[in-house]
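Welcome! Here is a short tour for anyone meeting this structure for the first time. Have a look at it below, then read on.

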Protein chains: 2
Amino acid sequence: MSVVVVGTVAFDTVETPFGKRENILGGSATYFSTSASFFTDVSLVAVAGDDFPDEHITFLKSRSIDTSGLQRIPGATFRWEGKYGYDLNDAQTLDTRLNVLSEFRPDLPDSYRDAEYLFLANIDPDLQLEVLGQMRSPKLVACDTMNFWISSKIDALKEVLKRVDIAVINEAEARQFTSEPNLIKAASNIISLGCKRLVIKRGEYGALMVTPDSVFATPAYPLEDVFDPTGAGDTFAGGFMGYLANTGNSDEASVRQAIIFGSVMASFNVEDFSLDRMKRLDYREIERRYKLFKTLTHFEDIGAL
Amino acid sequence: MSVVVVGTVAFDTVETPFGKRENILGGSATYFSTSASFFTDVSLVAVAGDDFPDEHITFLKSRSIDTSGLQRIPGATFRWEGKYGYDLNDAQTLDTRLNVLSEFRPDLPDSYRDAEYLFLANIDPDLQLEVLGQMRSPKLVACDTMNFWISSKIDALKEVLKRVDIAVINEAEARQFTSEPNLIKAASNIISLGCKRLVIKRGEYGALMVTPDSVFATPAYPLEDVFDPTGAGDTFAGGFMGYLANTGNSDEASVRQAIIFGSVMASFNVEDFSLDRMKRLDYREIERRYKLFKTLTHFEDIGAL
């Protein structure tokens, strides 16, 4: 089944202790759709300026991503500039230029509106609601957000949470959203707003999923070489939703396995700048790492006490 | 089989966002031995001043802990004062008074010296070496350390690492020890010094175990109520070593299961100040939480792609 993602395409300028790259391909919809494309059909909705080169669109199409929902507007594409220190956990944003993103009014191609899976990447929650209104009867909707919307548009964001099945946010955002330092309490508070499942991304520490009656926790895949964490969260979400759309299931066991596939995809993405690792990734590598992930976390009862 | 632990007994003054307690029972050997006592026989080596009340010794004995190695010296018992913020991950040390600890020269009772399991809790690495020299033929030795010894006694500490089977340290210490921000590389560097296994404690994020040919990662048990993280690391180590001593095994599968039991024990300990939660813990609760831990981390292959 096919997934629609609404988010951004961007030019990123990223500095990590391992190098600096300027004006590289980025954006939540880009990372999400590329990651999901390893599992299912993806249709992308975003806006780009007239400076967005054909090569990036050619790349997305090479992953069989439907780009008919990518609007082109005169002007400059959204730009983000950030820097990471040695711990690589938090980006320091040096510059954000919305450019054409400030004029973005998502208008889904008619062929998208019957899709069963929808991912609302981190954009203005009012636009997330507009997109929700354009979909005819999505089977599973997930959303992301960011600190900026939590502080500036909390009411619209709460409305989004009421209408999605799964929220996928990071740990600091969960705490900020609820002013609650304890993550399990923060998660319960967010779930009480209406979304059925909350997936909390913890960067190099893995992910946590909370529902009204279960908790699932997994570490991240440990890596020797982490070059650039940019896009890891969207890549995680892409693997997660892509896997769910592929299987058509959304029971607890399927969603848990989806989290592992999301983690695997994110672990590849951080191994190089931009989408460079994804560009040279093949599905056998994903399968191999999934198996290693199982070995990594496996323990069994070997002795009753 | 029985475990010998060498470490501290202490009076702690601890402030967390949930309250402040003065002069409560603390110390690495106290936390370790209490936790291990749920799994096996424990013999404690530490030093206390003449201000150390009988009630604490009575408590240790009530857990069947052999306290014949607890030296009593005229003077004041070691004191630590610390404060935690809302994230509860890092203690800010407000005051440390070594008191009688500065005169500590471990001298193991003869009955301890044939023990098969030894845990060298965080004390001066020169003393850890002295204790190692007093043991006749321990089957499994593990050690902890802290930032202070990494910066002040790195050579003695490297000698300790050469002579132990398992090092159990925290994440920041692993990075500090090797000046390597990537945790997997840091772990490999430490293992290359000679210890066979490195267990890295990551607080609320769980634990990671690295050997020359395997990596194991587990999240921590997620809790709604964390009151005081003091002693969590030693409680983890106590459950870990206690389980291994109970089973007599130290193969990969046993050590993985020991990490889970260590995590379970630590999850109880942080639910109250000092050893208050451990004092009212019974083994059925440990078994129940171990089972919940399995559910928490379990995922299975449900659909090939």
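## Two helices in chain A

In α6(A), the residues E171(A), A174(A), R175(A), F177(A) and T178(A) meet L183(A), A186(A), A187(A), N189(A) and I190(A) of α7(A). Contact here asks for C-beta atoms, placed from the backbone, within 7 Å. This contact divides into six nonpolar, two polar and two charged residues.

The axes of α6 (residues 171-178) and α7 (residues 183-191) of chain A are 9 Å apart, at an angle of about 65 degrees. That makes α6(A) roughly perpendicular to α7(A), a label for angles of 65 to 115 degrees.

## About the model

This is a predicted model, in which local features need pLDDT of at least 70 and side-chain atom pairs 80 or more, while totals for chains, interfaces and linings use all residues. Residues are numbered from 1 along each chain as its sequence is written, with chains lettered from A and ligands numbered from 1 in the order in which they are written.

## Where the chains meet

On chain B, 35 residues are in contact with 35 residues of chain A. The elements giving two or more residues to this side of chain B include α7 (183-191), α8 (232-247) and α9 (252-269). The largest share, five residues, comes from α9(B).

N23(A) is not a glycine, yet has a positive phi of about 50 degrees. N23(A) sits in strand β3 (residues 19-26) of chain A.

S274(B), also not a glycine, has a positive phi of about 50 degrees. S274(B) lies in the loop between α9 and α10 (276-279) of chain B.

Key:
Helices (H or I, at least four residues) and strands (E, at least two) are DSSP runs, numbered from the N terminus. Axes are lines fitted to C-alpha atoms, for helices over the stretch in contact, and angles run from 0 to 180 degrees between N-to-C directions. Angles under 35 degrees count as roughly parallel, over 145 as roughly antiparallel, 65 to 115 as roughly perpendicular and the rest as oblique. Ala, Val, Leu, Ile, Met, Phe, Trp, Tyr, Cys and Pro count as nonpolar, Asp, Glu, Lys and Arg as charged, and the others, Gly among them, as polar.
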